[in-house]
Amino acid sequence: MSKHEHAYIGIKKCGCVVAAMADLPDHANDVAREVASFIKSGLTIERVSCEEVRVRLTGCKCEEEATTEKAESRQLKFDNAKEAP
Ligand SMILES: [Zn+2]
């Protein structure tokens, strides 16, 4: 079995790596389709070693934090509404 030594990663504008696709020469069409979908989602594509993918593919925590913030401000509004007469 041949080792997959390289992969494409999709990087968000914030710099977080949120997607990865192994560069499989036997499945070049599938790889191209996948990478094209990354680009469509607005990701920047980089070709890196599989070792690097393991280190850099962490997902995006920026959005999670933003969502939490929004949920909290909604909760605050809800509390205020309850206190209003
Ligand atoms: Zn991020």
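## Overview

Of the 85 residues in the protein chain, 8% are buried. Buried here means that 20 or more other C-beta atoms lie within 10 Å of a residue's own; 12 or fewer makes a residue exposed, and partly exposed falls in between, with C-beta atoms placed from the backbone. This is a predicted model: local features need pLDDT of at least 70, side-chain atom pairs count only at pLDDT 80 or more, and totals for chains, interfaces and linings use all residues. Residues are numbered from 1 along each chain, as its sequence is written.

The protein chain holds 3 helices and 3 strands. Their order from the N terminus is β-β-α-β-α-α. Helices (H or I, at least four residues) and strands (E, at least two) are DSSP runs, numbered from the N terminus. Contacts need C-beta atoms, placed from the backbone, within 7 Å. Among contacts between residues at least 6 apart in sequence, 60% join residues at least 24 apart.

The 3 strands form an open sheet in the order 2-1-3, with antiparallel pairing. Strand 2 and strand 3 stand at the edges, each with a single partner strand, so one side of each has no neighbour in the sheet. Neighbouring strands are turned by 30° against each other on average, direction ignored. Axes for such angles are lines fitted to C-alpha atoms, for helices over the stretch in contact; angles run from 0 to 180 degrees between N-to-C directions.

Strand 1 and strand 2 pair over 5 bridges. Strand 1 and strand 3 (residues 44-49) pair over 6 bridges. Pairing requires at least two bridges found by DSSP between two strands. Tyr8 stands opposite Met21 in strand 2, and the bridge partner of Tyr8 in strand 3 is Arg47. Ile9 stands opposite Glu46 in strand 3. Strand 1 and strand 2 also form a hairpin, with 5 residues between them. Gly15 in that turn has a positive phi of about 100°.

## Helix 1

Helix 1 (residues 28-40) packs on the sheet and touches strand 1, strand 2 and strand 3. Its direction makes about 165° with that of strand 2. Helix 1 has 13 residues and reaches 18 Å from its first C-alpha to its last. That is close to the 18 Å expected at 1.5 Å a residue; the expected span is 1.5 Å times one less than the number of residues.

The number of buried residues among the 13 of helix 1 is 0, so the helix lies largely in the open. Just after helix 1, Gly42 takes a positive phi of about 90°.

## The nonpolar core

The largest nonpolar core has 5 residues: Ala7, Tyr8, Ile9, Val17 and Met21. Such a core is a set of buried Ala, Val, Leu, Ile, Met, Phe, Trp, Tyr and Cys residues joined through C-beta atoms within 7 Å. Strand 1 (6-11) and strand 2 (17-22) each give two or more residues to this core. Strand 1 gives the most, with 3 residues.

Leaving aside neighbours within four places in sequence, Val17 is in contact with Ile9, Gly10, Ile11, Arg56, Leu57 and Thr58.

## Glu46

Glu46 is found in strand 3. Glu46 counts as partly exposed because there are 15 C-beta neighbours inside 10 Å. Not counting residues up to four places away in sequence, Glu46 touches Ile9 and Ile11. The C-alpha atoms of Glu46 and Val35 are separated by 9.9 Å, and the two residues are 11 apart along the chain.

Methods. Two residues are in contact if their C-beta atoms, placed from the backbone, lie within 7 Å.
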